[in-house]
Amino acid sequence: MKAYLNLFDFKQKVNYKSEVLSGLTVALALVPEAVAFALIAGLSPLTGLYAAFMMGFVTSILGGRPGMISGATGAVAVVIVSLAATHGVEYVFAAVVLAGLIQMLVGFLKLGKFIRLVPHPVMFGFVNGLAIVIFMAQLVQFKKEDANGVLQWMTGNELYMMLGLVLLTMLIIWGLPKLTKVFPSSLAAIIVISAITLGFGIDTKTVGDIASIDGGFPPFHIADVPFTLETLKIVFPYALIVAGVGLIESLLTLNLIDEITQTRGRSNKEAVAQGVANTLSGFFSGMGGCAMIGQSLINISSGARARLSGIVASVMLLVFIMFGAPLIEKLPMAALTGVMVMVSIGTFEWASLKTVGKMPLHDVLVIAIVALVTVFLHNLALAVLIGVIISALVFAWENAKRIRARKYTDEEGVKHYEIYGPLFFGSVSAFNEKFEIAEDPEEVIIDFAESRVADMSGIEALNKITEKYKNAGKKLHLRHLSADCRQLLKNAEEIIDVNIIEDPTYRIPVDNYDKKTNS
C-alpha cells in the first residue's frame, strides 16, 4: 500500500495546508487551460474539463511522481484536432482509450527507463520551447472579437487595464514570497485581482467570456463507433501518436520535477498511471491528456510535494464544474494570464543562454533546434526525437574519431596491434586504415582488451580483415574478443586465437538498477 499511495504513508512529512492551497491554485489555473485546449481540438469545453479532472485524479493517486499535475494538454489537442474534424468526437474517445492501453503496455514492459536516453541539451530545448509556447498562448487574452467574430488586439483603456491587472498579478507572485511564504502567492494574486475587479466593477475579460463550465459529473460513455478493423485503422495512428506525445511530455516533466525537488520519480509507474487515466478519460467523455508542466510548476513552487495537492486540484475542479460555475466564471482572465506568464518565466532555463560559447556548438544547436520545433510545430514528440537523433549522430561521430591503434613488434617477430576505442559503424573506416597488411610479418595479433566490438558493422570489419590477412598468406590472431563477438565470428575459428580467460563479459545493468530504485 505504501508503494502506491504515499498520501497514506504517515512516515512521509506532508504539509497539509500547502497541499490544499496549492491544489486550489492549480484547480483555478486548470479551468482556462482545459477549456482552451478543448476548443483547439474542436471539442466542447466540458470535454477538456472532464479530461483534466480524470487525468489529474488518477495520476495523483497512481502516478510515479507526487506533486506532478496531469490534465488536458495542447500537445494532445493538436494531435486529435484532425480526427475530431473528420470523424467526430466518438472516434476521439476511442483513440484516447486505445492510447491509454498503449501507455499501460509501455509501463508494464518497463520501457519508461528509455527516457534516460534523452540528453540534457534536449531537455533544455524542450523546457525552453514549452516556456515560449506557454507565454505565446497567453497573448490571445489580449485580443477580443470584433463585430464579424474576428479576433483583434485590444486598444486604448481596455488594453491598458488588461496589462495593468496582469502586471499587478505578476508583481504579487514575485513579491509576496519575499514577505511571507505562509500563503501561495499565485492563489493570493488570483484572489486580490478578483477582489479588485469585482469590488470596483472593472469591465474586463472573465472565464465566463471564454465558455461556460457548468456541467455535471463526467458521464460514463462507451465510444459509439463500429468495432471493426476499419475503425482500428482510423484511430490507431492517432492513438499511437497521443500515447507517444503524452509519455514523452509526462516523463520529461517528471525528470524536471525530480531536478527541482532533488528526489526521484518512477517512470514506469507514471507510464502505467498515464495509461489508466487516459483509458478512463475516454470512457468518461474526456479528450485525454498528459502531464502539464505549467500547472506542475505552479504546484511545486507553491510548496506541494505529496499526492494530496493533485487530488485536491482535480476534486476542486469537479466541484467548480458541478456547483461553482457561476462564481468561477466571474474570475478575471488577467489574473490567470499573469499566473501563466510567471510560470513561463520560471519554466525557461535561463542558464542555458550562458552556454553559448562555453558548451560545444552541437549542444547549443540541439537546444535551439528542439526549442524551435516545439514552438513552431507544437509537436513535442518530434522535437525530442529530432534532438535525440542529432545528439546520437554527434556522439557517434565523436566516438568514431577516438579509435586508435598502438603498434609494436615483439622479440619473436610477431606484430601487435592494440586497439583503443569502440569499433562500430562509425569507426570502421578509421579501423581499416590502421593496418599495414603488405608490410606486416607472417604472424599478427590484434588485441581488443581496450576496445569493444559494438555492432554488426564492427563484426563485418573483423571478418574482412581476417580474410585480407588469410589471402596474404599470413596468420592473424584476434585476442580479448567478447563472447558475443566470438559467437558471431565462428566462421573464422581456424584463424582466430581467443584468450577465453581474459575475455571481458559485457552486460548492461539497467534492469537491476530499476529494481533497486523501484524497491
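In this predicted model, valine 276 touches Val58, Leu62 and Met104 when residues up to four places away in sequence are not counted. Valine 276 itself has its place in helix α10, which covers residues 267-283.

**Helix pairs**

Two packed helices are described by the angle between their axes and the distance between the axes. The table gives these values for two pairs.

| Helix pair | Angle between axes | Axis distance | Crossing |
|---|---|---|---|
| α2 (residues 45-62) and α12 (residues 308-322) | about 155 degrees | 8 Å | left-handed |
| α1 (residues 16-40) and α11 (residues 293-301) | about 160 degrees | 9 Å | right-handed |

Because angles over 145 degrees count as roughly antiparallel, α2 and α12 are roughly antiparallel to each other. On the α2 side, the residues that meet α12 are Leu46, Leu49, Tyr50, Ala52, Phe53, Gly56, Phe57, Ser60 and Ile61, and on the α12 side they are Gly310, Ile311, Ser314, Val315, Leu317, Leu318 and Ile321. Sorted by class, this contact of α2 with α12 has 12 nonpolar and four polar residues, and no charged residues.

The helices α1 and α11 are likewise roughly antiparallel to each other. Here Ser22, Gly23, Thr25, Val26, Ala29, Leu30 and Glu33 in α1 meet Gln295, Ile298 and Asn299 in α11. By class, the contact of α1 with α11 has four nonpolar residues, five polar residues and one that is charged.

Strands of a sheet pair through backbone hydrogen bonds, either parallel or antiparallel. In this model, four strands form an open sheet in the order β5-β6-β7-β8, and the pairing is mixed. The strands β5 (404-409) and β8 stand at the edges with a single partner strand each, so one side of each is left without a neighbour in the sheet. From one strand to the next, the twist averages 20 degrees.

Taking the pairs in sheet order, β5 and strand β6 (residues 415-423) pair in the antiparallel sense over six bridges, and within this pair arginine 406 stands opposite glutamate 418 in β6. The next pair, β6 and β7, runs parallel and is joined by eight bridges, with valine 444 in β7 as the bridge partner of lysine 415. Strand β7 (residues 443-453) is also joined by five bridges to strand β8 (residues 475-479), and these two strands run parallel. Valine 444 stands opposite leucine 476 in β8, so that valine 444 has a place in the pairing on both sides of β7. Further along, aspartate 447 stands opposite arginine 479 in β8.

The chain crosses from β7 to β8 through helix α18 (residues 456-471), and this β-α-β crossover is right-handed. Helix α18 lies across β6, β7 and β8, and runs at about 175 degrees to β7.

Note on methods. Residues numbered from 1 in each chain as written. Predicted model: local features only at pLDDT ≥ 70, side-chain atom pairs only at ≥ 80, totals over all residues. Heavy atoms only, no water. Axes fitted to C-alpha atoms, helices over the stretch in contact; angles between N-to-C directions. Parallel < 35°, antiparallel > 145°, perpendicular 65-115°, else oblique. Left-handed = near helix turned anticlockwise from the far one by under 90°. Contact = heavy atoms within 4.5 Å. Nonpolar A, V, L, I, M, F, W, Y, C, P; charged D, E, K, R; others polar. Right-handed = clockwise from strand over helix to strand, strands pointing away.
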